[in-house]
Amino acid sequence: MSKNITVYLKIWRQEGPDSRGKLVPYTVDNVDPDMSLLEMLDVLNEDLTKKGELPIEFDSDCREGICGTCGLVISGIPHGKKKGIATCQLHMRNFKDGDVITIEPFRAKPFPVVKDLVIDRSAFDRIIAKGGYISVNTGSAPEANLIPIPKETAELAMDAAACIGCGACVAACPNAAAYLFVGAKISQYCLLPQGHPERKIRVRAMVGQMDAEGFGDCSNHAECQAVCPKEISIVNIARMRREYLKSLWP
Amino acid sequence: MTLDGKVPGGPIEQKWDSYKGHINLVSPANKRKHTIIIVGTGLAGASAAATLGELGYNVKSYCIQDSPRRAHSIAAQGGINASKDYQNDGDSDWRLFYDTVKGGDFRSREGNVYRLAQLSGNIIDQCVAQGVPFAREYGGGLANRSFGGVLVSRTFYARGQTGQQLLLGAYGALMRQLNLGRVKIFPRREMLDLVIIDGRARGIVVRNLITGEIEKYEGDAVLLATGGYSPVYYLSTNAVNSNASAAWRCHKRGAYFANPSFTQIHPTCIPQSGEHQSKLVLMSESLRNDGRIWVPKEVGDKRAANDIPENERDYYLERMYPAYGNLVPRDIASRAAKRVCDEGRGVGATGRAVYLDFADAIKRLGEQVIREKYGNLFDMYENITGENPYRVPMRIYPAPHYTMGGLWVDYNLMSTIPGLFVLGEANFSDHGANRLGASALMQGLADGYFVIPFTLGHYIAGAKLSAVNTDNDAFKEAVDNVQKGTQKLLSIKGSKTVREIHRKLGNIMIQYVGMSRSEEGLKKAIEEIKRIKEEFWTDVNVPGSADTLNKSLEMAGRLADFLELGELMARDALNRNESAGGHFREEYQTPEGEALRDDKNYSYVAAWEYKGKEKPQELHKEELEFEYVKESQRSYK
């Protein structure tokens, strides 16, 4: 068992959407390396509560990297420097005694800060509403095994479908582009035969909404893929671009 | 009050079809005149909202998360059952029905379970049509695997993300209806009261979690799909925001709470590492297909796992249950793990863990095959524990995971309050005293996609509902009630944090109302819970104010309800003088230590009626009749 450590935090505090925020320093002693970073924040919040200060508000739910609720920029990197995990899966054993850790919300114009580290990602829901589905009413589905799908295709679709909608891709992108998020959904449904009837309207509607929300354009930095907790590849962006171009021809 | 499950007559195979043929229908033109309130956007809530929107109802959908896509159904890993019999291994609706009734230790309602089995195939069809990327064989057909408590392979899966993929399918269908204007969504809203007018559920009061505003919404029916109550144990596999408050507030308005003591402690979770821990992480039960569970034969053997030779290991599940081996149902696997740890043969730093070993499977199939099947689970394990499960066996221990108990509903999924329907884990109906693996997703989607569209229409068409609006006195009373509760929580300003008190409650619940229960322990738990409740209401410190985002306030309100629910769970467990499924009373066991049911006296659903503050709930019974599956001592040997 490794020994407990002390970390020096700088955490973004912001009262509301229209207030000015700032980084506030906190020191947390006696941190068990088996703790997750969010559990360390829980402990800090309990101390703040006991001292009569307001706890730091942050979003988190499943705490196992699947719901996509949590999302913090940790020392400059969305979800922290460890690859392939969400914020809630980052354990303190990845830090050293005496480390200074900066903790900020995901930053992008379409993701306004609600309070402290909590942001509003409803722009993603509005993009999905425009076409992130296959239009099939309940009860009208054919027998499931009537549509054979090659294993490789199903695996590729699953790779894309693994997106948890956390928004780290947007936070990491210098242009605040949502191409990886949208590209993953487009890919899933253009790979699978069930998605083909609507493929043209889908890609145009979703890309149109993405632009309307104020997300930027992709300029191939690939920062999105580097921070994605599900390690979704930018191949999905290429696939979306092809889909979009194809949709322009009759 | 006699509780009537309203199961239709006739042979069990024909009940649902004959029900559908005889119910009242709402005409297409009239559906849009009816507003349906749906609370929760997990598998049950999202699928119901989407389907009712498609039918033409005017739907309002509420969730506490920032997006409907994040409900806790997403965390389900292993799979969803369906009696498709694609494997040609002898599966059928009957067998799924039989396995579920038996797995539930004969404490569920036969009619409901048969319907569930009948609908299971439709769910897979629907989800495939939606583009859910289920695992496939090289020939292009759907793949299956087996799960605990059954002898066939009927589980469909999408890597270790089955819940996530099914929910994204339902969420997509919901967002499509949003786009078409049939559904409105209200994220970051927490339901804090139910409004009843003329004896019928007609609206809800919610707190806007961003602004703190208390909002009122009226409707013609209220559907509750708010999940289970495992976080009453503080540490569980549930999300940290999962809670019982919406269901509990409905209970306080007249909905009976059924079998609250039937909770599931899942056998394969990563053991707790320290006091700071906020949740426990489940490792999918599918791992038991290839992993072998063992502990050292000798008490206090502290050697590293790989240093213990084969003949000094006790593969206790294979030894005790040769027919099912490592695939016995969850309640049995959990209790066996507890037993060997109680004997002092547990492993790891705390001695509260057993090994789940893949060495044989890796030898037999190769590391690559294991990586393909379980890679993400192995990575998750390594990330949390810092150990490589390809080299050393995993350490696992049981953790609270699912609650079979919930609000009482009849065959229509309607509670004891007319117009209040309860779907998915929030109701009590299908899993009896123990749920089989991969059956929660099945039930949530069956309720939402295929049951509620019929039963709700039947209610609406027959109810003759008058128009109501939110100026009604009942709304005013509910809002006052909510506001007073919030102010009270903020005014105490004591010395304990919400989390500290929740941890105390959790310790009592897991110790006395967990895997093993006794009369003495349960009586003690009731006293302790009362004391913790008193401490909460006099000494909790809820910081901040009500007019802003305040997660401490949200947590405090949920804990207040857990404190009341915890007491009812203990009382229900005390009332049930038998062992059944997840409810194991030490006084009632066979000489081999298996659960001993008392069918003569306890073959009933215990439904509890709220009688007012500080008064004990009153017990009502729904007698269970087993016409098709003969009640027997469960045997997995």
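Guide: Let's start inside chain A of this predicted model. The buried residues of helix α3(A) pack against α5 and α8 (235–248) of chain A, together with α6 of chain B.

Visitor: Okay, which residues of α3(A) are buried?
Guide: Helix α3 covers residues 151–161 of chain A, and its buried residues are A154(A), L156(A), A157(A), M158(A), D159(A), A160(A) and A161(A).

Visitor: And how much of chain A counts as buried?
Guide: Of its 250 residues, 55% count as buried.

Visitor: What share of its contacts link residues 24 or more positions apart?
Guide: That share is 71%, counting the contacts in chain A with a separation of 6 or more.

Visitor: You mentioned α5 of chain A. How does α5(A) sit relative to α6(A)?
Guide: Helix α5 (residues 179–191) and helix α6 (residues 199–212) of chain A have axes that come within 11 Å and cross at roughly 175°. They are therefore roughly antiparallel to each other.

Visitor: Which residues make that contact?
Guide: On α5(A) look for V182(A), K185(A), I186(A), Y189(A) and C190(A). On α6(A) the residues are R199(A), R202(A), V203(A), M206(A), V207(A) and M210(A). By class, the contact of α5(A) with α6(A) has eight nonpolar and three charged residues, with no polar ones.

Visitor: Switching topic: how many residues does each chain put into the contact between A and B?
Guide: Chain B gives 62 residues and chain A gives 63. On the chain B side, the elements giving two or more residues are α3 (43–55), α5 (110–129), α6 (162–179) and α16 (551–575).

Visitor: Which of those gives the most?
Guide: That's α6(B), with nine residues.

Visitor: What kinds of residues are on chain B's side?
Guide: The side of chain B that touches chain A divides into 22 nonpolar, 28 polar and twelve charged residues.

Visitor: Let's stay with chain B. What domains does it have?
Guide: The domain assignment gives domain 1 (267–399) and domain 2 (478–597). Taken over C-alpha atoms, the centres of domain 1 and domain 2 of chain B are 30 Å apart.

Visitor: How many residues touch between them?
Guide: Six residues of domain 1 of chain B are in contact with six residues of domain 2 of chain B. On the domain 1 side, the largest share comes from helix α9 (residues 330–342) of chain B, with five residues. That side has one nonpolar, one polar and four charged residues.

Visitor: Now sheets! What's the strand order in the open sheet of five strands?
Guide: In chain B, the order is β5-β2-β1-β9-β17, with parallel pairing. The edge strands are β5 (183–186) and β17 (420–422) of chain B, and each pairs on one side only. On average, neighbouring strands of this sheet are turned by 20° against each other, direction ignored.

Visitor: How many bridges hold β1(B) and β9(B) together?
Guide: Four bridges join strand β1 (residues 35–39) to strand β9 (residues 221–224) of chain B, and the two run parallel. For one partner pair, find I37(B) and then V222(B) in β9(B).

Visitor: Where do I find antiparallel strands?
Guide: Look at β18(B) and strand β19 (residues 618–623) of chain B, which run antiparallel and are joined by six bridges. There, V605(B) stands opposite E622(B) in β19(B). Strand β18 (residues 604–609) of chain B also pairs with strand β10 (residues 257–258) of chain B in the antiparallel sense, over two bridges. In that pairing, F257(B) stands opposite W608(B).

Definitions and conventions. Residues are numbered from 1 along each chain as its sequence is written. Chains are lettered from A and ligands numbered from 1 in the order in which they are written. This is a predicted model: local features need pLDDT of at least 70, side-chain atom pairs count only at pLDDT 80 or more; totals for chains, interfaces and linings use all residues. Two residues are in contact if their C-beta atoms, placed from the backbone, lie within 7 Å. Ala, Val, Leu, Ile, Met, Phe, Trp, Tyr, Cys and Pro count as nonpolar, Asp, Glu, Lys and Arg as charged, and the others, Gly among them, as polar. Axes are lines fitted to C-alpha atoms, for helices over the stretch in contact, and angles run from 0 to 180 degrees between N-to-C directions. Angles under 35 degrees count as roughly parallel, over 145 as roughly antiparallel, 65 to 115 as roughly perpendicular and the rest as oblique. Domain bounds come from an automatic or database domain assignment. A residue is buried if 20 or more other C-beta atoms lie within 10 Å of its own, exposed if 12 or fewer, and partly exposed in between; C-beta atoms are placed from the backbone. Two strands pair if DSSP finds at least two bridges between them.
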